[in-house]
Amino acid sequence: MKLRSTLLSTLSASVLCITGSAALADCADPIKVGVLHSLSGSMAISETTLKDAMLMLIEQQNTKGGLLGCELEAVVVDPASDWPLFAEKARELLTVNEVDVIFGNWTSVSRKSVLPVIEELNGLLFYPVQYEGEESSKNVFYTGAAPNQQAIPATDYFLEELGVEKFALLGTDYVYPRTTNNILESYLQNKGIAADDIFVNYTPFGQSDWATIVADVVALGEDGKQVGVISTINGDANIGFYKELAAAGISADDIPVVAFSVGEEELSGLDTSNLVGHLAAWNYFQSAESDANTDFIAAWKAFAGEERVTNDPMEAHYIGFNMWVNAATEAGTTNVDAVRSAMYGQEFPNLTGGTAVMLPNHHLAKPVLIGEIQADGQFDIISQTTEVPGDAWTDFLPASAVLKSDWKELGCGMYNVENEICVQLTSNY
Amino acid sequence: MRSALIALILMICSAPAAVAQTLQPILQTHAVEIAKPSRRSVGEALNTITRSGVPQATAFLEQWSKKNIWQRDDGVFLIGVADGDILTLTDVDTQATFSAPKSNYKRLKPNGGVRRLIGTALVQFQLIDPDLSRREAAVASIARRPEAAQLNPLLTSIDAETDPALKVRKIQLANFLSALFAKDPADRIAAINILSTDTSIESRAVLNQILSVKSGVADTQPKGNIAAIHNPMDAPDTYYAALVNEGLAPAKQTAADIKRALEFNIVNGRIAGFSLALMNDPDTRETAYAVLAANGLVPALITDDLRNTALNEHVFYDLYDEPNVDITAVAKTALGSVTSRVATAQVADLTLDALSLASIFFLAAIGLAITFGVMGVINMAHGEFIMMGAYTGYVVQLFVPNYTMSLIIALPLAFAVTFGAGVVMERLVIRRLYHRPLETLLATFGISIALQQIAKNIFGTQARPLTSPDWLAGAWVFNDVIQISHIRIAIFVLALMFLGLIIYILKRTRLGLEVRAVTQNSGMASSMGIDPDRINMMTFGLGSGIAGIAGVAIGLYAKVTSEMGSDYIVQSFMTVVVGGVGNVWGTLAGATMIGFGQKGIEWLNPSNTLAAQTYMILFVILFIQFRPKGIVAQKGRAAGD
Amino acid sequence: MQNKFITKNPSVLLFLLGLSLFTVVVSICSEAAGTSLISTSFLKTLGKTLCLCLVAVAMDVVWGYCGILSLGHFAFFGIGGYAIGMWLMYDRTKTIVVASLENNIMPATPDEITDAIGSQIFGVVGSSDFPLIWAFSHSLTLQLAAVVIVPGLLALVFGWLAFRSRVTGVYLSILTQAMTLALSLYFFQNDTGLRGNNGLSGLQNIPGLEAKSQATLSLWFFWASALALAAGYLLFAWMTSGKFGSVIRAIRDNEARVRFLGYHVESYKLFIFTVTAMVAGVAGALYYPQAGIINPAEIAPIASIYLAVWVAIGGRGRLYGAVIGAAVVSLMSSWFTGGSAPDINLGVYVVKWTDWWLVLLGLTFVAVTLFFPKGIGGLFDRLSRKGEQT
């Protein structure tokens with residue numbers, strides 16, 4: 001592969017043309033795709049699905065004739081939900097297995113763990129999960145949602161459509177909710193919501209005692225304003241929260257709740273009949289109606305099993321992987337720098353309709369969907385925006401508003417537009 | 001208002017008026033707003049529909065808000081119900097029914113905000129509808145969006161109301177609406193006075209709405225119903241910012257402003273005569289800025305003196321939106337009395353929450369109170385027994401779909417399963433380690449990791465649903481402040497039952513006597529004909545079995561995952577140790593202390609639950625250091641280690 | 001005297017020889033030496049394992065020799081990591097910030113520099129103001145001192161309170177576990193100022209040594225870890241061999257009797273508890289720059305229990321047992337969970353080691369506690385005794 005990258009792409013293309021079907025034989029080594037998702041430990045349930053999705057995508061690509069005439073080979077490792085192990089496994093993938101690209105990670109802390117390694121060894125990582133933003137690495141493409149692609153549109157929906165005047169921001173105490181809530185607090189105040197009308201609460205992972213917090217939220221309604229809850233509560237803790245909500249008889253008509261970390265899988269842990277009408281915001285729902293999505297779901301069920309559901313990060317991998325394939329084809333090589341240059345402006349159809357575009361800040365332009373929980377545990381999509389360009393540095397916090405990421409023109413992920421200085425070339429891990 | 005009433009009359013009489021009897025054309029004139037409704041733009045379409053007087057409008061609106069309206073390719077709206085790919089459609093006017101494939105139709109999905117508006121629009125039709133559920137829906141809509149126009153229809157509907165509960169609710173709502181919207185101030189004051197004993201959130205909302213204020217700043221005190229005049233010196237910077245916002249004063253320069261101004265005024269590499277290299281000192285920067293300001297190149301620095309002068313030249317006030325002084329005065333008094341009632345209620349509610357938390361801790365720890373407290377066996381797999389109980393509940397629900405029935409089966413079954421597991425563990429492992437307590441800790445920990453991982457392998461890491469039956473799902477509501485979910489009450493009752501049961505077994509039964517005998521002196525007990533092996537096995541089984549039942553209860557109230565046990569294990573041991581080992585009352589005292597302590601700290605810092613847990617553990621550590629035998633310390637020989 | 005000590009304890013010499021041989025072989029095989037037989041990522045794993053061995057030795061002294069089953073020593077390990085991590089993050093960020101501020105028109109004020117460092121480190125999650133806990137993070141010397149002083153002080157205060165109140169046995173174990181839990185929850189809080197769940201990251205980049213490749217740095221850290229393990233082993237072997245060693249072993253076997261003999265038991269225990277905590281801190285400070293990231297999950301109560309598991313499997317009361325246990329179990333753990341262990345196909349069911357390793361470990365642990373209380377080290381004892389007999 002290294003040899004290939006040194007060849008001029010035109011030359012290799014012409015060679016391919018002449019040799020034709022002999023091209024596969026040309027590939028003594030298949031192109032290696034690293035899959036860095038936890039297969040054990042606390043994150044296994046979420047990440048195993050993504051590993052399976054990657055295996056399916058690679059298999060599909062191979063039946064289509066592989067990439068650049070070569071077969072693709074998945075190299076799967078298990079970082080076991082252990083954050084330092086992510087760094088170790090990433091190094092192993094890049095130096096021992098010599099993969100050309102890595103698809104992986106779920107939690108922010110695992111991404112922060114991998115970043116220095118990827119940047120040191122000039123690897124390429126596709127990160128598929130919604131995250132808190134405020135980061136831009138030359139070596140990472142963020143195919144999940146930045147806050148302005150999930151949190152801000154959902155808040156707009158609360159303000160515009162539901163007429164919410166008082167906000168409860170409930171989150172699990174870690175970086176994603178903290179950052180998102182900071183951004184939202186600032187955004188809401190810009191929109192004329194008084195600081196007193198924003199209630200913020202943080203709970204530990206796996207919190208189960210929600211009675212007091214739900215009572216606090218209900219009490220917010222005492223000045224006659226419409227109250228809404230924006231939830232960045234993570235994982236299992238949601239179950240206790242929604243159970244308490246249902247027990248207190250809070251309907252979505254009284255106090256709507258929009259969640260950013262609750263998908264089809266989280267809902268399978270509880271009875272949703274009392275939660276009908278509460279909301280979630282994502283870039284993808286399984287219930288999205290499009291031909292591409294129908295095909296994708298059918299392929300997924302055929303590959304992984306009839307009972308499996310699809311979710312937002314899977315779509316992110318679907319888009320990311322196909323963009324990478326197209327970019328490598330365009331560049332005629334899987335060399336990281338060449339692929340990266342070819343990635344900018346890549347377009348690929350979303351599963352929800354419309355087209356995703358890769359921006360120079362390594363984020364996607366994607367539509368934002370808001371779904372209402374239904375009694376069967378699926379979401380009914382009631383709002384879909386046009387494509388929103390992902391923003392690495394939020395515009396709603398003074399410190400980040402002056403920062404810009406543009407790897408194509410400026411060659412810098414943390415560019416201060418005010419005094420026109422590139423703050424740093426590595427990312428802020 | 002009048003047109004609405006006319007529409008109402010038309011509805012009731014169903015008079016064959018000359019107005020259009022077909023709804024579809026009206027819908028088509030607003031086709032865009034109806035197909036893609038938004039809260040801000042749908043109002044006009046709704047008005048036209050409700051004012052049209054077409055009798056089909058009610059049905060259409062109801063179906064619309066239930067997401068049952070479909071739009072055909074040609075734009076026609078139909079009521080439809082989907083079954084697979086086939087739609088059963090009903091014409092909005094003719095009520096003709098027919099079937100068609102789904103592909104040519106698009107479902108309308110009004111969002112929550114639009115649905116609320118539709119509900120409000122429906123109020124006038126539904127308020128006197130013969131169907132109780134529709135009347136209830138109308139009343140709920142009024143409660144969500146009180147409007148002045150609703151007052152009279154609501155008042156007129158009260159007399160005819162047949163359902164007593166709804167009638168009470170209507171009277172209450174009418175009172176809210178009168179307080180807000182009645183024409184005669186005397187009526188409003190009377191209504192407000194009634195509210196002063198009502199602690200409900202709605203009533204507080206009404207009072208707060210009447211008392212809503214606008215803050216402002218002016219040169220002189222304005223006319224009107226003034227709520228308060230502020231002293232700007234209480235928070236000079238905040239009030240100055242308000243002044244700047246109003247455009248009444250220049251903004252105060254920040255360090256960044258000064259920096260920018262200095263950079264703008266560089267002349268030949270020097271600022272106001274200072275060389276650039278000196279600018280790493282903030283004092284020099286300020287001096288340079290002062291020089292520039294003196295030369296008129298930059299606006300003068302707003303010093304604290306300048307700020308204070310500006311503040312003193314202005315009046316900062318809060319002005320009531322309500323012009324009538326009498327009304328605001330009465331409302332303020334009413335709110336004052338409500339607030340003090342609410343404060344009392346909140347204390348009661350917090351106590352209730354603390355009691356509930358204590359009972360959960362107690363329930364999780366009570367099995368340990370027996371195995372660790374009475375027998376002195378430290379069982380790190382206790383949490384996994386709780387988990388096993390919860391999964392038993394889940395598995396039973398898979399086979400028995402009736403939630404009440406499944407609960408009745410699950411409770412004894414969970415006891416049996418964990419009792420069995422406890423007995424097996426006692427025979428295989430613990431029996432061999434009775435004189436090596438530290439090793440028991442380690443061995444049971446090994447069992448704990450193995451059990452946890454086995455649960456993961458069987459059930460996956462995702463949480464599993466364990467749903468309470470309907471009679472346990474709701475909450476006991478004393479008023480809007482004091483309420484507690486039924487499941488928490490059930491846990492409380494369960495905890496009390498276990499307390500009673502264990503005390504009864506230990507103090508009043510043969511088994512209890514033998515247990516105490518074996519615990520105090522095993523050799524002597526065995527010489528009296530007691531089989532210590534059997535007693536130990538039974539006691540351990542009992543403690544484990546109770547953990548299983550606790551697991552079902554905890555799973556019902558929170559979640560069922562393979563790691564749920566480890567959430568409770570450290571906490572449970574602390575509960576037992578703090579309370580005092582060897583005494584069930586001690587465990588009760590420990591749980592109460594930890595539950596109340598944690599709620600107390602949470603109350604002090606409501607935005608950070610994690611901190612409350614941290615500081616509670618720290619407190620417990622310190623408490624044990626100073627009172628190592630716990631709250632209820634054992635005395636005499638039994639206290640020996 | 002030293003010679004006497006060595007001749008009395010031949011196993012120490014044997015261990016040191018083995019360790020140096022191992023270090024030399026690994027060094028020759030490393031990427032930095034050019035042979036590349038051992039990849040840098042595996043070299044890091046080996047280096048980290050040496051640090052784990054060191055903390056296991058400390059654990060063995062406090063538990064195997066002195067009988068205090070502390071379920072909190074991994075917390076001290078973590079504190080050591082945090083202490084060094086703070087300096088690493090601060091200094092690395094400072095270099096970046098100063099370089100970017102040099103492009104400014106005006107030289108930056110000291111406040112501007114600290115503000116910029118703060119907002120880089122804490123991002124939008126905190127303010128740019130440094131929390132008090134970072135007060136010494138600018139100084140390598142002070143943070144290095146903190147690596148030993150903070151764990152030592154915490155152990156001293158905690159131990160003093162606990163031993164003074166005669167909290168012993170399982171009570172003490174539960175109490176140390178509660179301490180670990182409280183500490184990890186405290187670190188986990190965003191308000192603490194240690195970046196919450198994200199922890200401190202990028203620790204493998206050593207400020208001032210940016211030019212060196214990770215292959216070289218990893219080798220240096222490997223050497224440092226080997227040296228620390230050797231020094232720690234020697235220290236503890238010396239401590240446990242003389243009269244002092246006899247006293248602490250006596251405390252383990254019968255605390256009351258030692259007290260009646262006139263020894264101040266509490267002081268001995270406190271000394272052991274504190275010294276081992278300090279060594280654990282050193283081990284942590286060497287471990288986390290190799291791991292690259294530290295976060296509160298590292299010091300969760302479970303980690304300390306695993307430490308006890310290693311020592312128990314390796315064999316309590318013998319220092320080399322702890323080393324063997326830590327090395328074998330932690331390397332096996334990473335092998336089995338790494339997905340490279342072959343699955344066992346039983347026909348009806350395929351045993352995947354990623355799923356079943358923990359079950360095996362748990363049950364092994366039960367078996368070791370029940371049937372081989374002396375662990376793997378016990379086997380060595382038996383072998384050497386056989387050797388003597390023949």
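User: What do strand 18 and strand 19 of chain A form, and which residue in the turn has a positive phi?

Analyst: Strand 18 and strand 19 of chain A form a hairpin with four residues between them, and Glu420(A), in the turn, has a positive phi of about 55°. This is a predicted model, in which local features need pLDDT of at least 70 and side-chain atom pairs count only at pLDDT 80 or more, while totals for chains, interfaces and linings use all residues. Residues are numbered from 1 along each chain as its sequence is written, and chains are lettered from A and ligands numbered from 1 in the order in which they are written. Strands (E, at least two residues) and helices (H or I, at least four) are DSSP runs numbered from the N terminus.

User: Which order do the strands of the open sheet in chain B have, and why is one side of each edge strand left without a neighbour?

Analyst: The open sheet of three strands in chain B has the order 6-11-7, with antiparallel pairing. Strand 6 (213-218) and strand 7 (226-230) of chain B are at the edges, and because each has a single partner strand, one side of each has no neighbour in the sheet. Strand 7 of chain B is joined by four bridges to strand 11 (residues 315-320), antiparallel to it, and Ile226(B) stands opposite Leu319(B) in strand 11 of chain B.

User: How many residues has the largest nonpolar core?

Analyst: A nonpolar core joins buried Ala, Val, Leu, Ile, Met, Phe, Trp, Tyr and Cys residues through C-beta atoms within 7 Å, buried meaning 20 or more other C-beta atoms within 10 Å. The largest core has 369 residues, and those with the most contacts inside it include Leu54(C), Val57(C) and Ala178(C). Apart from it lies another core, of 54 residues, among them Leu89(B), Leu122(B) and Ala331(B).

User: Which residues is Ala178(C) in contact with?

Analyst: Contact means that C-beta atoms, placed from the backbone, lie within 7 Å. Leaving aside neighbours within four places in sequence, Ala178(C) is in contact with Val570(B), Met574(B), Ile617(B), Val620(B) and Ile621(B).

User: How many residues of chain B are in contact with chain C, and how many does the contact with chain A take from chain B?

Analyst: 45 residues of chain B are in contact with 43 residues of chain C. Helix 19 of chain B gives the largest share of that side of chain B, 14 residues, and the side as a whole divides into 31 nonpolar, eight polar and six charged residues; Ala, Val, Leu, Ile, Met, Phe, Trp, Tyr, Cys and Pro count as nonpolar, Asp, Glu, Lys and Arg as charged, and the others as polar. The contact between chain B and chain A takes 46 residues from each chain. On the side of chain B that touches chain A, the largest share, six residues, comes from helix 11 of chain B, and by class this side has 13 nonpolar, 19 polar and 14 charged residues.

User: What separates the domain centres in chain A?

Analyst: The domain assignment gives chain A domain 1 (2-145 + 288-366) and domain 2 (151-282), and 33 Å separate their centres, taken over C-alpha atoms. Their contact takes eight residues from domain 1 of chain A and nine from domain 2 of chain A.

Technical notes: Two strands pair if DSSP finds at least two bridges between them. A residue is buried if 20 or more other C-beta atoms lie within 10 Å of its own, exposed if 12 or fewer, and partly exposed in between; C-beta atoms are placed from the backbone. Two residues are in contact if their C-beta atoms, placed from the backbone, lie within 7 Å. Domain bounds come from an automatic or database domain assignment.
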